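Subject: Structure handover

Hello,

The structure is below, for your files. My notes on it follow.

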Amino acid sequence: MAEVHIIGTLDGGMGFSSPSISCKWSLEAGGAWRLLEGCQDGETQVDHPIDNQTAQWCHPIDVHYAIKGIQGWPKLSLQVYSEDMYGRKQLVGYGFIHLPTSPGYHQIECPTWRLTGSAIERMQSYFIGGGALLRNDDLIHSGTERYRLHTIASGTVFVSLNIVTRNFSKFGVEV
């Protein structure tokens, strides 16, 4: 079978409402993709940057897939959380990227968004925290119903990836 290795890091994030942030991530691949090695999801540590600069995570991603075809090429789904001085976490951004199909090194910036919610939810969020959340996390990377959401821009997550393909020509897989 043809193989794809995805090796890289979640480098960090900036532009969020709070500088102390962490990120949950997951790779979503189609049915023709079989995980051979690695973890398809994870969570970074919380970084408390000095001078409210870019949060640095350098969180590793290392996944090895066997594939039958390129249909269902993986997407990286992200959820960014802020942490306050009491250790409470609050979601501050959703985002996703289609992973590059070309082999090699790629530096990617993933813009994120968050739900605006109703006027009452915004007021509640201002005074006691929290905010509007997705009921189904599949909406992050699936565009079928996402157009109905009312969102605002949140911040940017920086990702560095190496894509390594193997045996594509041998098994007739074309990108």
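The disulfide count comes to 0, where a disulfide is a pair of cysteine sulfur atoms within 2.5 Å. Cys110 is in no disulfide, and the nearest cysteine sulfur, that of Cys23, is 8.3 Å away. Cys110 counts as buried because its relative accessibility is 0%, whereas Cys58, at 51%, counts as exposed. The cut-offs for relative accessible area are under 20% for buried, over 50% for exposed and in between for partly exposed, with a 1.4 Å probe and protein chains only.

On provenance: this is a predicted model, in which local features need pLDDT of at least 70, side-chain atom pairs count only at pLDDT 80 or more, and totals for chains, interfaces and linings use all residues. Residues are numbered from 1 along each chain as its sequence is written, and side-chain values use heavy atoms, with hydrogens and water left out.

Strands here are DSSP runs (E, at least two residues), numbered from the N terminus, and a contact means heavy atoms within 4.5 Å.

Ser22 belongs to strand S2 (residues 21-28) and is buried, since its relative accessibility is 1%. Leaving out residues up to four places away in sequence, its contacts include Trp57, Tyr81 and Lys89.

Ile7 sits in strand S1 (residues 2-14) and, at 35% relative accessibility, is partly exposed. With residues up to four places away in sequence again left out, Ile7 touches Ile61, Asp62, Ser160, Leu161 and Asn162. Its C-alpha atom is 6.6 Å from that of Ile163, which is 156 residues away along the chain.

Regards

Notes
Helix = DSSP H or I, 4+ residues; strand = E, 2+ residues; numbered from the N terminus.
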